[in-house]
Amino acid sequence: MTTTPNVMIETKNITKVVTTSEGELQILQPISFKVKAGESVAIIGASGSGKSTLLSLLAGLDQVTEGEIFLGGSPLHSMDEEQRARLRGEKVGFIFQSFMLVQSLTALENIMLPAEIAGLDNAKQLGQDILEQVGLAHRGNHYPNQLSGGEQQRVAIARAFITKPKILFADEPTGNLDAANSEKVESLLFELNRDSDTTLVLVTHDPILAKQCQRQLNMQGGVLTDVTSTDAQSAQQQQAS
Amino acid sequence: MKYGFNLAWRLFKHEAKRGELTIILFAIILSVAAVLSLSLFSERLQGALTAKSAEFIAADRLLESDKPVDPSWISKAKEMGLDTTQQVYARSMVFGNEQMTLTSLRAADDGYPLKGQLKTSTEAFGLGEVTKQLPATGEVWAESLLLQKLALKLGDKIEVGDKEFTLTRVITDVPDSGFSVFGGNPKVLIGLQDLAATHITGPGSRVDYTYFFVGNSADLDDYYDWLRPQLNREIHSWQSVEDDDSRLGRSVGRAEQYFLLASLLAIVLAAVSIAVAAQRYSQRHYDPVAIMKTLGASKQLVQRIYLYQISFITLLGIVLGSIAGFIIQQLVVLAIADKVNVSIDVWHWRPLIIAVFTGMICAVLFSLYPLLKLFSVPPLRVLRRDLGAGMSSRVLQFAATGSAILLLMWAYSQNLQISLILFVSGIVLVCALLAITYGLIALGRKLGQGKMGAWQLAWARIKRRAMDNSVQLISFSVTIMLLLVVLVMRNDMVSQWRDQLPEGTPNYFMSNITEQQRPGLEQHFTQLGVETDVFYPVVRARFVSINGEKIRTEISKEDEEQKDSGRNGLGREANLTWSDTLQNENEIVAGKWLDEWQTGDEYGVSVEERLADRLNIKLDDKLTFNIGSEVVSVTVTSLRSVNWQTMQPNFFFVLQPEAMQGYLPTYITSFHVPTQDKAKIAQLMQPFSSVTLFDVDARINQLRDIVDQVSVAVEFILVLVLIAGSLVLIAQVQASMDERQQELAILRTLGAKGSLIRASVIYEFLIIGSVAGLMAAFANELTLYLLQSQIFEMQGKLHFEYWIIAPLVGAVTVGLLGAAGCWRLLALNTSQLLRKMV
């Protein structure tokens, strides 16, 4: 295992090739980069550029075709589905564009879900605490379809933070929200991220949201480039590649 | 472990509360309720019918013996809680009014009959009334036939053996008198206490001892288990109503087969509905599974959560289904209480066990494949919503569900043949439907072209959802087919029963009508408004040789029409008749019927199969009869099986008419007089005292009574299955409606008019319904043909009317159900619809 200390995510020449009816299609060109612990990184790019695919590989939801990925030092690329699930349960939180709440569980129960899966005994207490933090204490017993989009995303954020994950992946977290709700969700997301010292990887096509992250990586036609202006990050990027 | 359970319980609770489990829960409830109500009802009904049939042997079980049995056998039966009595049968000459005739003597012990009723009257051919007592010492009761033969009246003295009796009542009905028209000689009944004094049971006499037993079936079985090692097959015969090969026995047997069939079909219906529901259930849970996996749940945890959940659903379904099934069954029993007396006091465990087992097996086996698919949903689905289950094997699905259905049917019916018939028909249907679906899709490409209207939308949907539609089409077709099988089978069976005993079936038979009497008798009957049936000519002859080899011709005491045990010869004079036409319920089993016989040197004869077997008569054998001093030789052209239980005259020997020219016959005929006009009989018969009259009115009424009861029961079973089937159809449409929700929401959002959406959905369901109906009609023919020819021993026939009715009814029903489901969805506004989709 060759990972740099204090690095939470490290990729080495990862590629993704899928087979279509018209032959093989390379979605990601070889990509290498590092994300430090506690850093917030935005991956920006147009629809179909491959940014969600990259996110799925980084989170261990899908497997790379070639290359290596280390998540918190663990070699994701050589793990099977079960090991990756365990790793996600221990270290990763998620926020999705379409919220992905379990429709038949209440807001509180959705929030408790990762804690229960992780086997925490105080899931309910943790859930209630964080529900309060996101300002939805009074909505705990409501089902997702009884909540507004903004509220659902706040529930999703609460769910993402309940197990205090080391890494948070967010896929277009404000993509389905209006301006006012977007703003609320964004501030909540970054606030919790700061407080918990979580590493954040955020996929978005919203440049304003991306700007709030410490680093911005641009995905274009499966090629990732660092567009952050700071020299230090630039140097780091070059070093990595 | 704990978390899996908690999570599963929480999901179950909420989903149940929110109505999301309705379809699968409903399917399990339906299957358990249908199987429980059908099998409980049929078990109770069979109990009632067996009890009713028991009246025809006057007991639950009989032990027949050539000798008196060891008294310890009887005391053991009493010890084991059985009621017993006995009767001694003998053929005996009776003297009265300075004449004599052969009678069938019965000496009955106290308690006879244990089942059924003895009916007597105070005049010959009078209306009988139930009589509880037996003849007192020195008294004798006799059938009208004896009074007619010996010109007796009540109060006259008759001699039976060495003892003189006073005739005190006329027997009109004896429960265990069998169904043969010519029940032989007139029955004469005395008390068992008088038998010894008649001295007719001495050495050399042919006497039969019958012991009657009544009790619950477990005790009877225990007793038989005890008795069996001691029985000698040569002289003892143990009988129960189930051994009854009479028409009644066969009707009840057929009804039982029908109930079994109906219950099996209910199981298949239940299986279909659970399979559809389980598939829907699994698809609805793709997202939660992907979310849980993304959040770190192991495959094992996911499996545990859903196995728990399925167990909760199954358990609840079984409990609710059992309650519902019990209530339905109770309601049916109450509804038909005035027609069929079914006891609801006795609780049968077997149906409950079967129902619970069915619910469990269906829930487990039919949700197995959808669950396996569910477990294989990749976590990546949270990002790529188009990803479904990682596993897909239709072959595995069909193999798993198919073998589960077959196993269930086999386990339940313990009849591989009936199970295979239904199963194979099902497979043929499924294959045909798959072919049809793809054919339809190809056709749809042509039909659905042009400007986008409701019709085009309907075709587009059918095309796009090819596989889903094929599953749906299969489930609709199987449901409609099963309903058709139950319906048509019932129609065929009931009409056949009714045909056997139509209104006006002859209930009196006359024999010994001479050629001279015949015109006068016909005229007299016509004047009194009574129609006589066919006159069968009969010539009494002595059967003397087979292929020139002499056979014994002495008359034994055995009555050949009732018993088959004689081996030496016919034992008495034969009744020869002649005809060109084969009688009803007679079937040629070897050779050719007389009209196909090329007359050569000798004329032909058709011989009853069992007699031929007993006397070792083969085709082309030459049989010789003596008629008076004349000799008639005929060649055996055919062997016939004869149903002796039909209410018509039957003959061992039917000769070619040409062979009997020149012989003076007597005639046998029959007529019908309504039971309430019984008084007319004396007037009808008065000028013809030499003609022998046989009264089978009571028998026919009893038979008709049973057939009516069985028909009513069968109809109720049909209604139960129809209700179950309709509910399954509703559930299926409902399930597919949910799948259409998303599309409706999109169309609504895009501004499509409600009328356009509704029309397109209705068209879609009309197309699916009519195709399903048509396919079901074809599959129904195949299934019915196999069932009727292999299991029910009925003549199979095609039912063309259902080829039209089934597609129409299928289209209308499925179309209406689709419209109703669609109306419910369209009643929601667009934003509600979109929310339901989330």
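## A starting question

Leaving aside its neighbours within four places in sequence, which residues is Ala271(B) in contact with? They are Cys362(B), Phe366(B), Ile405(B) and Leu408(B). Keep in mind as you read on that this is a predicted model.

## The nonpolar cores

Ala271(B) also turns up in the largest nonpolar core, which has 214 residues. The residues with the most contacts inside this core are Ala271(B) itself, Ile157(A), Leu265(B), Ala266(B) and Ile274(B). Helix 7 of chain B, spanning residues 247-284, gives the most to the core, with 21 residues. Two domains of chain B are involved as well: domain 1 (1-55 + 248-414) and domain 3 (429-503 + 696-838) both give residues to the core, so it lies between them.

There is also a second, separate core of 89 residues. Among its members are Leu167(B), Tyr508(B), Phe543(B) and Val607(B). Val607(B) will come back below, when we get to strand 17 of chain B.

## Where the chains meet

How many residues does each chain bring to the contact? Chain B supplies 26 residues and chain A supplies 28 residues. On the side of chain B that touches chain A, the elements giving two or more residues are helix 1 (2-17), helix 8 (286-294) and helix 9 (299-335) of chain B. Helix 1 of chain B has the largest share of that side, 7 residues. By residue type, the side of chain B that touches chain A divides into 14 nonpolar, 5 polar and 7 charged residues.

Chain A is built with 8 helices and 10 strands. Of its 241 residues, 50% are buried. Looking at contacts in chain A between residues at least 6 apart in sequence, 68% join residues at least 24 apart.

One open sheet of chain A has 6 strands in the order 6-7-8-3-9-10, with mixed pairing. Strand 6 (92-95) and strand 10 (223-226) of chain A stand at the edges with a single partner strand each, so one side of each has no neighbour in the sheet. From one strand to the next, the twist averages 20°. Within this sheet, strand 3 (residues 40-45) and strand 8 (residues 199-204) of chain A pair in the parallel sense over 5 bridges. Here Ala42(A) has Leu202(A), in strand 8 of chain A, as its bridge partner. Helix 1 of chain A (residues 51-58) packs on the sheet, touching strand 3, strand 7 (167-171), strand 8 and strand 9 (215-220) of chain A. The direction of this helix makes about 155° with that of strand 8 of chain A.

Strand 1 (residues 7-20) and strand 4 (residues 66-71) of chain A pair antiparallel over 5 bridges, and Thr15(A) has Glu66(A), in strand 4 of chain A, as its bridge partner.

Is helix 3 of chain A (residues 107-117) buried or exposed? 11 of its 11 residues are buried, so the helix is largely enclosed by the rest of the structure. Among these buried residues are Glu109(A), Asn110(A) and Glu116(A), along with Leu108(A), Ile111(A) and Met112(A). Just after helix 3 of chain A, Gly119(A) takes a positive phi of about 80°.

## Chain B: overview and strand 17

Chain B has 21 helices and 22 strands. Buried residues account for 46% of its 838 residues. Among contacts in chain B between residues at least 6 apart in sequence, 84% join residues at least 24 apart.

Strand 17 of chain B (residues 603-608) has 6 of its 6 residues buried, so it is largely enclosed by the rest of the structure. Tyr603(B), Val605(B) and Val607(B) point one way from this strand, while Gly604(B), Ser606(B) and Glu608(B) point the other way. Strand 17 pairs with strand 19 (residues 630-642) of chain B in the parallel sense over 6 bridges, and Glu608(B) has Arg640(B) as its bridge partner there. Strand 17 of chain B is also joined by 3 bridges to strand 20 (residues 653-655) of chain B, running antiparallel; in that pairing, the bridge partner of Ser606(B) is Val654(B).

Note on methods:
Residues numbered from 1 in each chain as written. Chains lettered and ligands numbered in written order. Predicted model: local features only at pLDDT ≥ 70, side-chain atom pairs only at ≥ 80, totals over all residues. Contact = placed C-beta atoms within 7 Å. Helix = DSSP H or I, 4+ residues; strand = E, 2+ residues; numbered from the N terminus. Nonpolar A, V, L, I, M, F, W, Y, C, P; charged D, E, K, R; others polar. Pairing = 2+ DSSP bridges. Axes fitted to C-alpha atoms, helices over the stretch in contact; angles between N-to-C directions. Core = buried A, V, L, I, M, F, W, Y, C linked by C-beta atoms within 7 Å. Buried ≥ 20, exposed ≤ 12 C-beta atoms within 10 Å, placed from the backbone. Domains from an automatic or database assignment.
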